[in-house]
Amino acid sequence: MGPHSTPDLPTEAAPLPLATVAVVGLGTMGTGIAEVLTRAGREVIGIDTDETAARHAVAALEAATAHAVRRERITERERQDALARFRTFTDLQAAADADLVIEVVPEDYELKRQVFAELDAVVRPDTILATGTNALSVTRLAADSQRPERVLGVHFFNPAPAMKLVEVVSSVLTAPTAVAAVTQLARDLGKDPIAVGDRPGFVADGLLFGYLNQAAAMYESRYATREDIDAAMRLGCGLPMGPLALLDLIGVDTARTVLEAMYADSQDRLHAPAPILGQLAEAGLTGRKSGRGFYTYEAPGSGTVVPDAESPAAADALGTGRTVASVGVAGSGTMASGIAEVFAKAGFKVVLAARSPEKAEKAKARIAKSLGRSVDKGRMTAEARDAALAAITPAGSLDAFGDVDLAVEAVAEDLAVKQELFRTLDKVCKPGAVLATTTSSLPVVACARATSRPQDVIGMHFFNPAPAMKLVEVVRTVLTADDVHATVRAVCAKVRKHPVDCGDRAGFIVNALLFPYLNNAIKMVEQHYATLDDIDAAMKLGGGYPMGPFELLDVVGLDVSLAIEKVLHAEFRDPGLAPAPLLEHLVAAGCLGRKTGRGFREYARR
């Protein structure tokens with residue numbers, strides 16, 4: 001051994017920071033948090049005045065760890081160790097030895113204040129007290145506590161074992177050391193913590209609940225069915241659940257409580273709970289936990305939806321539509337090419353008309369390239385590709401639409417341009433042809449009125465990229481004929497798309513729910529409440545969104561987003577829908593997102 005060496009002496013492992021954690025309230029969330037903590041090596045003291053809840057928590061942990069053993073994620077020995085680290089009690093006195101207490105009792109301020117007051121008399125002076133609230137004031141709870149510097153919020157997402165996000169909420173009174181300790185614990189648990197200030201909903205729920213509320217209001221107004229609203233947001237935005245199904249999972253009463261707190265703070269009408277939430281909550285129809293909310297479930301606590309009086313009738317109730325064998329697609333951009341590809345692959349004869357033969361040929365070449373990629377990836381055969389390409393006839397003018405059964409326009413999102421095109425279709429297309437617009441934000445009826453046959457005009461809003469996206473919003477005007485609606489629904493089925501019905505108003509379903517959410521995310525940044533990165537992370541990790549709002553805005557294009565925001569604001573006149581000034585400033589500066597190399601973030605120029 002050298003002069004400065006020391007012999008290898010047996011050393012004790014360094015104690016885990018916040019080694020003993022008490023969880024007060026053993027409902028779904030408390031049980032999930034207890035599972036995460038025990039599996040990460042913490043001693044967990046589960047406390048609930050209801051012995052049944054405590055027994056359920058133990059059973060749930062036994063089942064979850066047994067499942068993990070079967071999946072070979074942990075060994076049986078590790079399972080037994082985890083179970084041994086979880087003890088349950090019915091008295092808060094059991095928290096005396098805890099380094100951290102996490103309270104997840106129901107969202108009732110007086111109940112939480114009482115829990116904190118009792119804990120003050122029980123725990124050590126250095127114990128950190130955390131509330132799991134997502135709607136009530138952490139600052140007020142801290143101020144009412146005897147040790148406000150040790151009080152903070154720690155907001156897990158349901159189901160706690162699976163969801164990666166944890167919001168660590170500090171009040172103006174919270175000591176930085178307490179925030180640092182809880183943030184480190186969250187990392188030790190394999191979570192992604194973000195630091196947020198104290199306001200109702202914090203980041204993720206602050207954005208999520210406004211969107212859920214708008215969906216509830218949309219359903220309440222009978223604008224669209226619950227099934228169509230949910231399918232539209234899953235298929236149009238790639239969300240894991242539709243908003244009404246999610247409200248049932250969260251609990252209609254819980255959502256109403258969160259929204260009441262958000263509205264009291266923001267005075268934004270978009271946060272004022274939709275009356276339907278109050279009606280359902282007062283009737284005890286609180287969602288899955290009661291067996292009925294927006295949907296009806298097999299049993300209380302079940303996630304299995306069963307048919308009820310609102311379930312959609314059979315498709316034949318739509319009646320008979322018109323025969324469609326040939327389709328005309330007007331336009332030469334990405335959307336027009338994608339829609340033409342969809343129809344050709346489904347066996348329709350397609351006329352692809354652009355402003356010149358060259359543009360039409362170029363659009364067909366783009367389709368050939370896309371079909372070639374599908375062949376390379378094994379998604380279609382070379383024979384199917386050749387048949388689809390052979391079904392497409394490029395044309396240099398709309399005169400080629402004389403024999404089509406369905407004409408679909410996919411030209412620039414400019415009302416004057418579309419109206420001129422519909423005037424031409426009116427002259428060119430045969431009587432009985434269905435005329436469809438793919439507009440995402442303009443009034444379909446304004447296109448219909450440009451023709452002498454408004455009963456034949458309907459909206460078919462495909463999503464980009466059309467070959468991949470399953471959703472089509474089918475937009476009826478007050479003048480659209482029933483058989484035209486039935487025709488388009490049948491055509492959607494034939495091209496393997498999922499149609500959702502909606503009326504002719506700004507944003508239809510998807511954009512009317514998506515863009516206020518995006519706008520609210522921008523306002524959060526304007527108010528310096530959270531950073532772009534934290535907001536994007538919160539929605540991906542806490543909401544299961546495929547992209548964060550700022551990633552999505554930069555992909556869609558800030559100019560396109562601003563135009564849609566303006567249309568929504570003009571239609572509904574709600575102050576909360578006014579475009580965020582930061583969005584207007586970026587567009588004015590030419591920062592339009594990925595296409596210009598800079599939007600909310602900067603991108604390498606191609």
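This is a predicted model: local features need pLDDT of at least 70, side-chain atom pairs count only at pLDDT 80 or more; totals for chains, interfaces and linings use all residues.
Biologist: Which cut-offs decide whether a residue is called buried, partly exposed or exposed?

Modeller: Buried means under 20% relative accessible area, exposed means over 50%, and partly exposed lies in between.

Biologist: What does Arg 476 pair with?

Modeller: The general idea is that side chains of opposite charge can pair when their charged atoms come close. In this case Arg 476 forms a salt bridge with Asp 482, and the closest N and O atoms are 2.6 Å apart. Asp 482 has a relative accessible area of 51%, so this residue is exposed.

Biologist: How many salt bridges does a search of the whole structure find?

Modeller: The search finds 30. Some form a network: Asp 99, Arg 124 and Asp 126 are linked in this way.

Biologist: Now a pair from loops. How far apart are the closest N and O atoms of Lys 430 and Asp 405?

Modeller: They are 2.7 Å apart, in a salt bridge. Lys 430 sits in the loop between helix H15 (415-428) and strand E15 (434-437), and Asp 405 in the loop between strand E13 (392-395) and strand E14 (406-409), so the pair ties together parts that are 25 residues apart in sequence.

Biologist: Which residues form a positive surface patch?

Modeller: For a patch, look for residues with over 30% relative accessible area and no salt bridge. Here Arg 355, Lys 359, Lys 362 and Arg 366 form a positive one. Arg 366 belongs to helix H13, residues 357-376. This arginine is partly exposed, with a relative accessible area of 36%.

Biologist: What does the side chain of Thr 451 reach?

Modeller: Start with its place, then list the backbone atoms. Thr 451 is in the loop between helix H16 (444-448) and strand E16 (457-462), and is buried, with a relative accessible area of 10%. Its side chain reaches the backbone oxygen of Ala 448 at 2.7 Å. That side chain also reaches the backbone nitrogen of Arg 453, at 3.1 Å.

Biologist: And Ser 452, is that residue buried or exposed?

Modeller: Ser 452 is found in the loop between H16 and E16, and at 60% relative accessibility it counts as exposed. Ser 452 and Phe 422 are 30 residues apart along the chain, and their C-alpha atoms are separated by 9.8 Å.

Biologist: Where is Asp 574 placed, and which backbone nitrogen lies 2.9 Å from a polar atom of its side chain?

Modeller: Asp 574 is in the loop between helix H21 (558-572) and helix H22 (581-588). The nitrogen belongs to Gly 576. Asp 574 has a relative accessible area of 8%, so this aspartate is buried.

Definitions and conventions:
Residues are numbered from 1 along each chain as its sequence is written. Side-chain values use heavy atoms; hydrogens and water are left out. Patches are made of residues with over 30% relative accessible area and no salt bridge: like charges are joined within 9 Å, nonpolar side chains (Val, Leu, Ile, Met, Phe, Trp, Tyr) within 5 Å. Accessible areas come from the Shrake-Rupley method with a 1.4 Å probe; for residues, only the protein chains shown count as cover. A salt bridge is a side-chain nitrogen of Lys or Arg within 4 Å of a carboxyl oxygen of Asp or Glu. Lys and Arg count as positive and Asp and Glu as negative; His and the chain ends are not counted. The place of a charge is taken as NZ of Lys, CZ of Arg, CG of Asp or CD of Glu. Helices (H or I, at least four residues) and strands (E, at least two) are DSSP runs, numbered from the N terminus. Buried means under 20% relative accessible area, exposed over 50%, partly exposed in between (1.4 Å probe, protein chains only). A polar contact is a pair of N or O atoms within 3.5 Å; within protein, one must be able to donate a hydrogen and the other to accept it, and residues adjacent in sequence count only if both atoms are side-chain atoms.
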